[in-house]
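Subject: Structure for you to look at

Dear colleague,

Here is the structure I promised to pass on to you. Please open it beside this email and follow along as you read.

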Amino acid sequence: MLFSRKMKPLAIACALSVILTGCGESTSSTSGPDFGGNQPDPGQGGTTFDERALLTNLVDNVITPTFNAFQTQSEQNIAAVSAYCGLEQQVLAGEAVEAQRDEAYVEATQSWRDLAQIWQHAELMQVGPLVENDKQLRNVIYSWPSKSLCGIDQDVAYFEDGLINLDPNKPFDIKDRTANRRGLISLEHLLFNQNLAHNCSVANDALADWDMRPEQSRKVARCQFAVEVAKDLHDNATVLVNTWNADNGYAKALKTAGEPGSQFESAHLAVNVISDALFYLTEEVKDNKLAVPLGLGQFTNSCGKVACPQDVESGIANVSLAYISANISAFEQLFLGQGVNTENTTGFDDFLDQENGSQVKEAMILGIANAKAAVTNINGDLQQALIDENDKVVDTHDQVKVITDQLKNDFINKLALELPKTSAGDND
């Protein structure tokens with residue numbers, strides 16, 4: 001499973017709703033003129049469409065397989081990183097040749113890419129355990145946009161010493177460390193950053209001699225901590241899967257929405273939870289992953305209001321475009337209901353058809369295709385494209401915006417769903 005930047009070509013069209021503008025007046029939608037035009041079923045939000053069938057398909061065939069795949073790959077990632085690190089240690093001891101180490105390194109970095117690719121699909125599926133407690137579980141897996149390369153470098157030294165900054169009263173435990181020193185971002189730095197100097201403006205006691213140490217010694221220290229980070233990632237992936245799949249877990253809560261004792265009074269309210277997750281395409285993809293590094297509109301970045309390559313999502317492994325492609329693909333999976341069971345594709349597109357929203361459906365499908373094509377049209381990585389092909393990056397942003405304009409307006413209105421609070425007032 002390779003992490004490809006390129007996705008299938010697409011096209012896009014935009015039609016804004018005149019009923020719900022999404023500009024901040026309200027965070028709620030009202031029923032569109034055609035919503036629930038058949039015999040209303042109060043348990044289904046005023047529609048005859050089987051919303052529970054939609055929930056069951058998205059849970060069983062799209063979301064659950066994604067979470068399970070992430071856990072499986074996280075376990076394989078431990079093995080790949082451990083094998084690589086073992087050879088780094090053998091190179092240091094003169095017991096292995098660098099060619100062996102290099103081959104294991106390629107496998108370890110590919111394992112990380114595979115893991116990150118799966119996670120970027122899961123980023124579009126932030127419901128239940130991934131949003132509870134201010135996204136605590138999500139953040140220890142993937143803390144972006146928060147990151148601390150200095151903090152990670154410090155933890156390399158702390159883990160090696162077994163102590164926090166040489167303090168015998170503070171034993172090191174990765175479970176106690178902040179999210180931006182853990183997870184996929186930490187592994188990206190530890191595996192891909194070829195600059196072995198620490199990233200702190202001032203070295204504390206634990207890092208005082210770091211830059212003077214032999215290169216191979218620093219490689220070993222970094223990879224040993226990488227193994228610890230990989231194990232922590234697997235632990236958190238397991239928490240996600242166990243919490244999601246438990247007898248009283250969130251997957252079951254979604255599928256039994258509207259039944260006696262369910263945390264959801266109706267299936268419609270549960271559908272709204274998954275609808276909220278789709279808005280990752282607005283706040284994160286359109287805004288943080290594209291508008292911020294471009295310096296578009298109201299968004300500033302580390303360079304001010306101009307294109308800023310250093311502000312891309314993946315600035316070390318250079319897979320920012322692959323991330324965006326994975327995000328769009330995950331959005332498409334949820335929208336079309338396309339998962340592991342090809343015989344069941346009940347999705348939001350079917351819901352729109354039922355509510356006289358076929359034109360909205362077609363516009364969004366076209367939009368997804370165009371957004372994918374725009375990403376494919378960019379050559380190389382996003383950092384370089386911001387300099388050499390800025391117009392293509394702007395076009396990608398604009399194509400994603402066409403989808404999100406539909407999402408905030410006609411989609412929400414036709415299905416009588418509510419905007420997530422974070423989208424209230426978003427008029428970009």
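Where is the place of proline 145? Proline 145 is found in the loop between helix H3 (132-141) and H4, where helices are DSSP runs (H or I, at least four residues) numbered from the N terminus. A cis peptide bond, with omega about 10°, joins tryptophan 144 to proline 145, and lysine 289 lies over the face of tryptophan 144, at 5.4 Å from the ring centre (for this, NZ of Lys or CZ of Arg must be within 6 Å of the ring centre and within 35 degrees of the ring normal).

Please keep in mind that this is a predicted model, in which local features need pLDDT of at least 70 and side-chain atom pairs count only at pLDDT 80 or more, while totals for chains, interfaces and linings use all residues. Residues are numbered from 1 along each chain as its sequence is written, and side-chain values use heavy atoms, leaving out hydrogens and water. The protein chain averages a pLDDT of 90, with 88% of the residues scoring at least 70; pLDDT is the predictor's confidence in each residue, from 0 to 100.

In helix H3 you will find asparagine 133, which has a positive phi of about 55° although it is not a glycine. Most residues other than glycine have a negative phi, and most peptide bonds are trans.

Finally, Phe67, Trp244, Tyr250 and Phe264 form one aromatic cluster, and the structure holds 14 aromatic pairs, that is, rings of Phe, Tyr and Trp (its six-membered ring) whose centres lie within 6.5 Å.

Best wishes

Terms used:
Rings of Phe, Tyr and Trp (its six-membered ring) pair if their centres lie within 6.5 Å; planes under 30 degrees apart count as stacked, over 60 as edge-to-face and the rest as tilted. Helices (H or I, at least four residues) and strands (E, at least two) are DSSP runs, numbered from the N terminus.
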